[in-house]
Amino acid sequence: MHIAPLVLKILITVVVSVVAYVLTNLVNQSGDELWKIAVAVVIGGSALIVQYMVDFEQRLGTLETGHMERSRRLEEDFDHLSDAAALLSDLDDAGMSTSDAKRLIKNLRRVGQQGPEIVKAFARSEVESLASVVTDLTGMSAHWPRDNNEWLIRLTQCAQRTIDATSSSVDQRFWGTDSAGPYLDAQTEAMGARQVTIRRLFMVRESEANDPVVMARFTWLCQAQLSVGIAVRYLVLPPSPVEQPHPRLASRDVVIFDTDLYLEFEPDQLGVNVKTTLDAQRERVNRQVRWFNALWVRAQEVAPDPEPAS
């Protein structure tokens, strides 16, 4: 049975008062009755006051403990807010978009609260991939273990001045795929909206250059790009790798953006791109720029022949 705290205090007070009255009678049986009652009341009142003091001390201790816990939580929250504010300030100082960072965090929270497990897993995977790429970029280079057309299109959308690209004979098959359309659209937008200058250098094998059907189709491909404003030239490569001016550029496609960074696509023996490298190391970028310019000077312009061969 639960007894209310106030009733319990009153009962204890009454018991203490009765005990005090009995003890007073035993000690001084001939004394004044009023004096005995007064002593019992004083002792009982003192017992009541002591109970309230003990209760007050307990509540004060509980309040103090709760206050310390709240203060600790507030301090942790403040530290978290300070860290978040510092990160956003660092982003702003670095010229990055703080609004995009806030939007990412806000929507990740919403996905975590609402999305099914597979959506959460996909979101985590995308964030981990982005974090890995950005971490790699602190060293001015990043790698992707296969063909990455998303990087190609996004960098084209970010270019402000120039895009210089080599396109190997292996890569010519790319222009007939669905991925080529968005890439050409991004280039057209870059030239129209930001006045970006685009040069494309096709690397043609000697065996291909001697095949009229192949060259007719190749000429049509070049004319299609010339018609949208892309400067196009081609370089016929000697059959022997030793005689080639730059064997690596003949086998790998390189796209240089604003002479500040480049993408390099590495194919396997079957001509399938198996690795994409993004590199902004100044020395390596300058080397690529020099190689491209040297090859561009040696390259030939495309003869007008817009009709494709059957």
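**Close-up 1. Glu150 and Arg154 sit together in helix H5.** Helix H5 spans residues 149-158 and holds both Glu150 and Arg154, which are four residues apart, or about one turn of the helix. As in every view here, the model is predicted. The two side chains meet in a salt bridge, with an N to O distance of 3.5 Å. Arg154 has a relative accessible area of 48%, so this residue is partly exposed. Side chains of opposite charge can pair when their charged atoms come close. Across the whole structure, a search finds nine salt bridges, and two further examples follow in the next views.

**Close-up 2. Glu208 pairs with Arg205 in a salt bridge.** Here the closest N and O atoms of the two residues are 3.8 Å apart. Glu208 counts as buried because its relative accessibility is 17%, under the 20% cut-off. Arg205 is partly exposed, at a relative accessible area of 40%.

**Close-up 3. Asp279 meets Arg284 in a salt bridge.** The N to O distance between these side chains is 2.5 Å. Asp279 has 4% relative accessibility and therefore counts as buried, while Arg284, at 33%, counts as partly exposed. Also worth a look while you are exploring salt bridges: Arg161, Asp260 and Arg282 are joined into one network by salt bridges that share partners.

**Close-up 4. Phe202, Phe218 and Tyr234 make up one aromatic cluster.** The structure holds three aromatic pairs, and this view takes in two pairs that share Phe218. The ring centres of Phe202 and Phe218 are 5.1 Å apart and the planes stand at 90 degrees, so this pair is edge-to-face. It connects distant parts of the chain, with Phe202 in strand S3 (residues 197-205) and Phe218 in helix H8 (residues 212-226), 16 residues apart. Phe202 is buried at 0% relative accessibility, and Phe218 is buried too, with a relative accessible area of 3%. For Phe218 and Tyr234, the centres are 5.6 Å apart and the planes lie at 80 degrees, which means that this pair is also edge-to-face. Distant parts of the chain are linked here as well: Phe218 belongs to helix H8 and Tyr234 to strand S4 (residues 231-237), 16 residues apart. Both Phe218 and Tyr234 are buried.

**Close-up 5. Arg199 lies over the face of Trp296.** Take a moment to find the ring of Trp296: Arg199 is placed at 5.2 Å from the ring centre.

**Close-up 6. Six residues form a nonpolar patch on the surface: Leu104, Ile105, Leu108, Val127, Leu130 and Val134.** Together they have about 490 Å² of accessible area. Helix H3 (98-114) and helix H4 (117-137) each supply at least two residues of the patch. Leu104 is one of the patch residues and is found in helix H3. With a relative accessible area of 40%, Leu104 is partly exposed.

**Close-up 7. Glu264 is placed in strand S6.** This strand covers residues 261-267. Glu264 has a relative accessible area of 7% and is therefore buried.

Close-up 8. A search of the whole structure finds zero disulfides.

How values were computed:
Residues are numbered from 1 along each chain as its sequence is written. This is a predicted model: local features need pLDDT of at least 70, side-chain atom pairs count only at pLDDT 80 or more; totals for chains, interfaces and linings use all residues. Side-chain values use heavy atoms; hydrogens and water are left out. Patches are made of residues with over 30% relative accessible area and no salt bridge: like charges are joined within 9 Å, nonpolar side chains (Val, Leu, Ile, Met, Phe, Trp, Tyr) within 5 Å. Accessible areas come from the Shrake-Rupley method with a 1.4 Å probe; for residues, only the protein chains shown count as cover. A salt bridge is a side-chain nitrogen of Lys or Arg within 4 Å of a carboxyl oxygen of Asp or Glu. Buried means under 20% relative accessible area, exposed over 50%, partly exposed in between (1.4 Å probe, protein chains only). Rings of Phe, Tyr and Trp (its six-membered ring) pair if their centres lie within 6.5 Å; planes under 30 degrees apart count as stacked, over 60 as edge-to-face and the rest as tilted. A charge sits over a ring if NZ of Lys or CZ of Arg is within 6 Å of the ring centre and within 35 degrees of the ring normal. A disulfide is a pair of cysteine sulfur atoms within 2.5 Å.
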